[in-house]
Amino acid sequence: MSTSSPRSLADQLRGWPDERLARLLAARPDLATPAPHDSSQLAARVVVRASVLRALDRLDVLELAVLQALVQGTEPHDLPAGKRAVDDALVTVTDLALAWGTPPRPVTAVAELLRLPDGPAEPDLDALPPAARAVVDTLVAEGADGRWGGRAGPTADLVAAGLLVRTDAQHVTMPWSVRLAAWAGTPLDRAPELATSARDQAMVDRAAAGAAFELVRRTELLLDLWGSHPPTALKAGGLGVRDLRSAATLLHLEPDEAALVIETAAAAGLLGTGMTDDLDAAWLPTDGFDAWQSHGVAERWLTLARAWLDGSRLVSAVGGRVADKPVNALSPDLERAWLRDLRHDVVATVASLPPGEVLAAGTGTASVVQRLRWHRPRRPASRWDQVEPLLAQAAQLGLTALGGVASYARDLDDGDPAAGLAPLLPRPVDHVLVQADLTAVAPGPLEHEVARRLAMVADVESRGGATVYRFDAGSVRRAFDAGWATAEVHDFLTEVSRTPVPQALSYLVDDVARRFGTVRAGHAESFLRSDDETALAELVHSPAAASLRLRRIAPTVVVSDVPLGTLLPRLRELGVAPVVEAVDGTVRVARPDVFRSRTPRHRAPVGLRTTARTSAVVAAVRAGDHAATTRRARTQAAVGPTEVIALLRECAESSDDAARVVIGYVGDDGTVGERVVRPRRVEGGRLTAYDERSEVERSFAIHRITAATRTS
Amino acid sequence: MSDGPLIVQSDKTLLLEVDHEQARAARAAIAPFAELERSPEHIHTYRLTPLGLWNARAAGHDAEQVVDVLLTFSRYAVPHALLVDVAETMDRYGRLRLDKDPAHGLVLTATDRAVFEEVLRSKRVAGMLGERLGPESVAVHASERGNLKQALLKLGWPAEDHAGYVDGEAHPIELDETGWSLRPYQKEAAESFWHGGSGVVVLPCGAGKTLVGAAAMSEAGATTLILVTNTVSARQWKHELVKRTSLTEDEIGEYSGSRKEVRPVTIATYQVLTTRRKGVYPHLELLDARDWGLIVYDEVHLLPAPIFRMTADLQARRRIGLTATLVREDGREGDVFSLIGPKRYDAPWKDIEQQGYIAPADCVEVRVTLPEGERIAYATAEPEERYRLASCTHEKTRITERLVAQHRGEPTLVIGQYLEQLDELAEHLDAPVIQGKTTVKERERLFEAFRTGEIDLLVVSKVANFSVDLPEAAVAIQVSGSFGSRQEEAQRLGRLLRPKADGTTARFYTVVSRDTVDADFAQNRQRFLAEQGYAYRIVDAADL
């Protein structure tokens with residue numbers, strides 16, 4: 001700090017050593033972009049209201065109180081806090097350039113933002129009734145303004161007494177003197193204690209490492225599957241609910257936990273959208289996944305853990321509903337910029353506990369919220385709701401366990417967490433224990449090659465630190481299908497099993513081998529069969545038949561991949577006279593096809609047709625006439641919709657069956673035509689009436705009727 | 001990283017490496033809360049289930065202990081989610097409890113208001129609850145005690161039953177330990193039961209469950225109703241009780257199809273209780289015929305559904321269930337838990353075998369090939385006929401003869417399902433046959449002759465599956481069974497497991513037709529036996 005009092009803020013900044021300036025820019029990064037030209041420009045930016053607001057959000061309760069004291073012109077050291085703490089707080093607010101000069105005074109924007117009414121001198125809070133006192137205590141604890149409803153009650157009493165001041169139509173604030181009085185006796189420099197209990201750090205580490213291992217294993221299992229069976233990417237972005245649920249089943253997790261695995265993989269760049277062969281958008285493992293898989297488990301975990309810590313996606317909202325729409329995993333609208341800071345804060349808070357101490361079950365989470373609230377009093381209260389899910393996520397990720405931070409996860413950025421984690425993880429094994437119930441247990445993660453080969457002859461039954469495989473006829477046959485020989489299967493089992501291979505398993509392998517291939521299947525376009533084996537032998541070996549690709553599969557059966565249509569003429573050329581069998585085994589007799597044309601359609605005699613058509617025309621003409629006549633002799637007409645309905649109702653209900661109405665009706669093509677109808681019923685927005693033109697009862701939509709005229 | 005014997009899988013199975021030096025300690029530590037699922041030679045599989053965890057809670061263990069055990073013995077880090085789940089599940093037990101209230105009779109109270117409200121609003125408990133007595137207590141209709149517990153278990157909030165029991169009509173019963181004494185585990189089992197109030201004792205076949213029942217009766221010193229699977233078993237219970245306790249023949253009644261005696265100790269069969277005439281159960285009044293102080297359920301895993309309903313009304317009486325396994329083929333383990341009671345004692349089969357109380361067994365599957373003619377008949381048969389065809393091949397008769405000849409002189413049982421096959425076998429082997437038609441008297445005569453060594457070969461149908469005590473049987477040859485039922489397999493094997501005078505290994509042969517459904521079913525049985533840890537071999541008939 002410069003010794004002589006600076007004349008302006010710019011002056012003070014100019015006088016600061018480089019590292020102090022760097023500290024300011026690091027703490028308020030918005031000042032540095034774009035880089036300011038000089039100290040006066042920097043000083044000008046420092047006091048911009050938006051930037052000041054951001055800086056204020058970073059202050060803790062004490063720093064804010066000290067700054068407030070400066071604004072109100074109270075000596076900061078009179079606050080209920082230790083001198084050192086107040087001095088430190090003064091340095092902080094000066095470092096942030098929220099106050100400057102000697103003695104420090106707040107920059108104008110701060111003064112405007114924080115200024116409170118002074119309030120009555122020496123307010124007596126102890127005399128307040130309990131309800132009013134509770135209001136005061138709540139406002140002090142939350143450090144926020146209260147709401148003003150205008151009704152009588154403790155708040156109104158406080159306003160009347162001058163202990164609260166209305167700031168606008170809906171809010172009240174607590175004047176400075178009242179605030180000071182309320183603080184009296186509660187030290188401001190002490191952050192709320194975390195509720196803790198004792199827990200062996202080694203146990204915390206083991207439990208956390210277990211979660212870490214599971215995270216890596218699950219990520220790998222899921223992405224491996226999605227590599228071959230990718231889930232569809234929704235049009236709006238994100239992963240369908242059904243896919244999330246099946247992932248949860250696969251991973252033995254609840255859907256919200258599975259969502260964390262998926263989101264973390266995506267954050268780590270292991271999962272992204274791409275196209276399948278069918279050109280559908282799908283979620284696919286990225287090429288980064290292949291690189292990731294080549295690392296050790298601990299390094300793989302570190303990638304995931306860092307991705308989560310620096311991520312800013314509201315994973316806890318997945319599965320819930322926002323604005324009455326379900327929230328999908330990987331959906332693009334889950335970004336919340338503030339989450340990154342909160343994640344770091346939450347993990348750092350738990351990490352601040354010494355080894356051997358963990359958050360107490362039950363009360364621990366609430367105390368974390370209290371602590372964070374003390375550190376960042378100006379953050380919106382709604383964000384604290386995320387502390388609990390974030391703690392759960394940290395535990396699922398293996399950063400914490402049993403309420404404490406794993407020792408390897410204390411310093412994710414600079415330390416060597418992978419080296420700390422690796423010894424806690426299961427060591428890869430190269431053998432299994434094969435048992436008489438036809439299971440094989442790998443008592444640790446299997447080496448990749450062994451696992452691949454074992455998965456060929458056995459099915460995975462249970463996963464985790466160990467893997468349980470089960471042999472059955474189907475799985476053994478799968479190995480034979482893949483080209484393994486019986487001896488190969490036996491050798492592999494002997495080699496990979498640390499214990500003698502049980503007799504029942506050897507028997508199973510032999511039993512499957514005995515039956516394997518007893519029935520052969522293959523493709524053929526045509527077959528020849530004959531009881532005359534010699535004739536068939538002759539045919540197969542005839543050089544002229546070479547192009548027919550005949551293959552003898554039994555003494556009396558020859559097959560060919562040439563279609564029958566081609567085969568038959570060639571065989572006849574070769575002097576063979578085959579009889580053709582139909583699909584059902586009956587003999588098909590060959591006969592030249594006989595062609596025929598179709599009989600012309602029978603038409604009705606001309607006379608009859610004319611009669612029918614004429615009568616229709618007449619009816620139409622008559623109806624037309626009628627319409628014309630009525631147009632001339634209108635007795636009753638309606639145009640507006642209400643009138644139309646009234647008229648139609650009247651006609652329908654009149655006892656006169658012949659009451660006829662001419663209606664203007666908008667047809668499907670939009671043109672208005674006139675119809676003469678006899679209304680029957682009006683209901684449900686439709687008119688049922690006898691149409692004289694078509695001579696049937698029809699239904700008309702009333703909204704399409706433009707006008708109606710009654711004739712009689 | 002510790003090198004413990006236990007691997008905790010995320011699907012809630014626990015793998016225990018048997019040869020590990022800490023295996024014994026780990027087994028003892030996890031036994032109270034994990035169910036043993038498979039115990040083949042190297043790695044035993046346990047499973048964590050809500051019922052298992054609640055059993056542990058009922059026995060006084062808490063989540064902290066369970067988590068500590070898992071973390072202590074686990075070779076690898078334990079999945080955090082699993083620990084959370086264990087804690088949450090265990091926490092659900094005991095939020096609700098049933099108590100006896102001097103003013104209101106039976107009262108359900110909760111320690112958690114939210115849970116209480118959830119339960120009250122549930123449709124399942126509608127009509128079982130009476131007047132609300134306070135924010136967290138409500139009266140319960142006394143008759144609904146059992147139904148309520150069943151319903152609460154289904155809701156996932158099992159209630160602790162502290163409402164106590166009636167003493168019943170006193171009737172002194174003493175164990176008469178002359179010339180024998182209760183084995184340590186039998187004593188422990190009876191004591192655990194008595195302290196727990198009601199519940200189930202799990203002991204392997206042949207471990208002497210009847211004596212645990214007798215010990216429980218002497219603790220109770222009250223009139224007792226014993227429910228058993230069939231008449232032969234009822235007679236055996238009676239025989240045992242007369243021999244091992246102060247009870248005399250006259251004090252023990254049999255209530256079965258043929259006799260209807262109600263005495264201070266009454267042994268009834270499930271069948272007679274569940275007989276229905278015109279929609280009513282005429283023999284149900286037996287349950288109220290006396291003021292029973294104790295009810296014994298033999299083979300509780302076979303308890304028929306109507307008995308569950310009746311048991312729901314008997315919640316004020318002490319109940320002990322005896323079984324070799326809690327696994328029910330119908331999946332009603334939850335009803336056993338809520339109506340009979342939690343598991344009170346469980347002795348690992350291996351331990352009892354090691355102590356020499358049950359004999360080791362060697363299981364051999366003999367595969368026969370159907371002759372060509374039968375193969376064709378099998379291939380073209382209707383699906384429902386196939387199993388019978390495969391089971392009853394003459395080839396099996398031939399092999400059975402050879403096996404019997406091999407074990408000539410050793411007490412041997414030939415067990416089958418199909419009567420014509422049994423008759424044919426009996427004729428070929430020149431041995432007596434026991435089947436459903438055989439009179440109880442004749443059965444008892446033959447069993448007795450077999451026990452005394454007068455005859456050493458018996459052909460039996462499935463009537464001998466349950467509760468027939470043939471301690472001398474050393475060889476069993478199974479020619480057909482009911483579709484590979486695990487239950488049946490355990491029972492049949494159980495016939496062989498009574499310790500032999502000369503300490504020899506029992507032989508259990510199963511004759512199976514190759515490449516038929518018979519072989520498929522045999523696969524089930526093979527898996528079951530191997531999972532139980534029995535040595536299992538497959539041989540071809542030709543290699544015998």
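This is a predicted model: local features need pLDDT of at least 70, side-chain atom pairs count only at pLDDT 80 or more; totals for chains, interfaces and linings use all residues.
1. Residues are numbered from 1 along each chain as its sequence is written, while chains are lettered from A and ligands numbered from 1 in the order in which they are written.

2. Chain B has 21 helices and 23 strands; these are DSSP runs numbered from the N terminus, helices being H or I with at least four residues and strands E with at least two. Of the 544 residues in chain B, 50% are buried. A buried residue has 20 or more other C-beta atoms within 10 Å of its own, an exposed one 12 or fewer, and a partly exposed one falls in between, with C-beta atoms placed from the backbone.

3. Have a look at the open sheet of 7 strands in chain B, which runs in the order β19-β20-β18-β21-β22-β17-β23 with parallel pairing. Strands count as paired if DSSP finds at least two bridges between them. At the edges are β19 (433-434) and β23 (535-540) of chain B, each with a single partner strand, so one side of each has no neighbour in the sheet. The partner strand β17(B) (residues 361-368) joins β23(B) in the parallel sense over 6 bridges, and Cys363(B) sits opposite Tyr536(B) in β23(B).

4. Helix α21(B) (residues 517-531) packs on this sheet and touches β17, β22 (506-513) and β23 of chain B. Its direction makes about 155° with that of β22(B); axes are lines fitted to C-alpha atoms, for helices over the stretch in contact, and angles run from 0 to 180 degrees between N-to-C directions.

5. The loop between β22 and α21 of chain B holds Asp515(B), which has a positive phi of about 55° although it is not a glycine. Most residues other than glycine have a negative phi. Asp515(B) counts as partly exposed because it has 17 C-beta neighbours inside 10 Å. In chain A, Glu695(A) also has a positive phi, near 60°, and lies in the loop between β26 (686-691) and β27 (696-701). Glu695(A) has 11 C-beta neighbours inside 10 Å, so it counts as exposed.

6. Strand β12(B) (residues 252-255) is worth a visit too. Ile252(B) and Glu254(B) point one way, Gly253(B) and Tyr255(B) the other, and all are buried. β12(B) pairs with β13(B) (residues 265-269) in the parallel sense over 4 bridges, with Ala268(B) as the bridge partner of Tyr255(B).

7. Where the two chains meet, chain A contributes 32 residues and chain B 30 residues. On the side of chain A that touches chain B, α11 (201-228), α18 (387-397) and α23 (503-515) each supply at least two residues, and α11(A) gives the most, with 8 residues.

8. Finally, α15(A) (residues 297-309) has several buried residues, including Trp301(A), Leu304(A) and Trp308(A). Among the elements covering the buried residues of α15(A) are α11 and α18 of chain A.

Notes: Two residues are in contact if their C-beta atoms, placed from the backbone, lie within 7 Å.
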